[in-house]
Amino acid sequence: MLKILSTIINSSDITMVEASIPTFSAFCLHHDGASLLADQEYLKQYEGIVRKYASFASTRPQDPVLATSAPVARKWRVAGLKAVKSVASSPALSSVAGRQLDTVMPILLENLWSPDPDYLPTIVSKAHVEEKVDTEKLLRRRGSMATVRTHDTSFEQTNPLALSGSTADADKLDSEDISVLAIQCLKQIFVVNNRAQIRGGTLALIDFIVGRVQRNELVYTPTKLGEKEDKGWATGVFLMIARWTPVQERYTVLVTAMEKLVRSQLTEESVPQELVLAMIIRALLRSDINLIGLSVMDVLLGLIQHILRLLQLS
């Protein structure tokens with residue numbers, strides 16, 4: 001079956017790839033995850049398929065076929081994200097090898113990334129609305145505004161951007177809908193009671209944020225004196241995944257960020273990354289998120305030791 005799927009997704013035919021999604025979803029839902037670890041060749045085939053599907057969802061596709069036009073590019077991204085959602089939501093593939101977090105997480109975060117600090121809250125709010133309405137009808141293809149539609153258009157009828165009828169507004173709606181689907185995929189990774197998966201997802205998130213900082217992109221907004229709320233994409237995503245995580249495992253998110261901070265090699269070049277991690281930790285500590293099981297003394301000692309290392313560096 002994996003060989004057939006591999007042939008289809010390498011065909012560069014969007015119609016065939018879209019038609020393969022239900023089959024791949026059924027495979028993910030009913031597959032025995034233990035067989036992935038037992039057969040290395042089978043595991044490589046599976047990894048290749050997940051990697052290929054994930055590449056379809058990239059905002060910077062390497063294959064020119066995926067970017068022939070904006071509507072076609074969006075169709076490829078939707079197909080890729082739907083496949084990734086099948087992997088993320090399958091209880092049969094709950095192992096780290098099954099989830100392929102190193103492949104999946106960067107693609108999901110890439111579809112959520114925006115330097116605009118107001119973008120993520122907008123997408124989160126829209127995701128909440130979509131969950132209440134019907135998540136299965138999240139990304140339907142938009143045709144011409146003059147085309148007569150036979151399916152449910154209740155969302156567009158209440159959305160001023162859809163009513164405006166301009167191409168730019170329709171493109172913006174499509175982009176937001178893709179980000180909503182990415183949030184739904186990301187949520188499936190953290191809502192499970194699986195500490196290894198939560199830790200792996202958190203590490204992948206940190207690596208993504210560090211990569212953005214190294215490219216001098218704005219991942220946080222410095223807080224002013226007296227402000228009680230941390231702002232920015234990095235802190236917003238961390239608070240979001242911490243709320244998704246089961247309450248008994250939430251401390252794993254903070255502990256993972258702490259370990260990344262205190263175990264990093266301190267250099268002058270790494271100071272911006274250290275600052276972002278410190279702001280993320282501060283945002284988690286002063287939020288209203290219940291961190292049952294967190295050792296406050298361990299966190300305090302880790303921060304003090306890191307302060308001493310910073311003083312020695314200076």
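Hi everyone, first some ground rules. Because the model is predicted, local features need pLDDT of at least 70 and side-chain atom pairs count only at pLDDT 80 or more, while totals for chains, interfaces and linings use all residues. Residues are numbered from 1 along each chain as its sequence is written, and side-chain values use heavy atoms, with hydrogens and water left out.

Let's start with the whole chain. The protein chain has 16 helices and zero strands; both are DSSP runs numbered from the N terminus, with helices being H or I of at least four residues and strands E of at least two. Of its 314 residues, 45% count as buried. Buried means under 20% relative accessible area, exposed means over 50%, and partly exposed lies in between, using a 1.4 Å probe and protein chains only. A contact means heavy atoms within 4.5 Å. Among contacts with a separation of 6 or more, 76% are between residues 24 or more positions apart.

Now to the inside. Which residues of the largest nonpolar core touch the most other members? Of its 83 residues, they are Phe24, Tyr53, Leu186, Ile209, Trp233 and Phe238. By nonpolar core I mean a set of buried Ala, Val, Leu, Ile, Met, Phe, Trp, Tyr and Cys residues joined through side-chain atoms within 4.5 Å. Take phenylalanine 238: leaving out residues up to four places away in sequence, its contacts include Ile209, Val253, Ile280 and Leu284.

Helix H15 covers residues 271-285 and reaches 21 Å from its first C-alpha to its last, close to the 21 Å expected at 1.5 Å a residue. That expected span is 1.5 Å times one less than the number of residues.

Next, the charged pairs. There are ten salt bridges in the count, where a salt bridge is a side-chain nitrogen of Lys or Arg within 4 Å of a carboxyl oxygen of Asp or Glu. One of them joins glutamate 176 and lysine 126, at 3.5 Å from N to O. This pair links distant parts of the chain, with glutamate 176 in helix H11 and lysine 126 in helix H8, 50 residues apart. Are these two buried or exposed? Glutamate 176 is buried because its relative accessible area is 9%, and lysine 126 is buried because its value is 8%. Lys126 and Glu176 also belong to a salt-bridge network with Asp177.

A second bridge joins arginine 199 and glutamate 259, whose closest N and O atoms are 2.7 Å apart. Arginine 199 lies in helix H12 and glutamate 259 in helix H14, so this pair ties together parts 60 residues apart in sequence. Arginine 199 is partly exposed at 34% relative accessibility, and glutamate 259 is partly exposed at 23%.

Last stop, the surface. Met297, Leu300, Leu301, Ile304, Ile307, Leu308 and Leu311 make a nonpolar patch of about 670 Å². Leucine 311 lies in helix H16 and counts as exposed because its relative accessibility is 55%. Patch residues have over 30% relative accessible area and no salt bridge; like charges are joined within 9 Å, and nonpolar side chains (Val, Leu, Ile, Met, Phe, Trp, Tyr) within 5 Å. The areas come from the Shrake-Rupley method with a 1.4 Å probe, and for residues only the protein chains shown count as cover.
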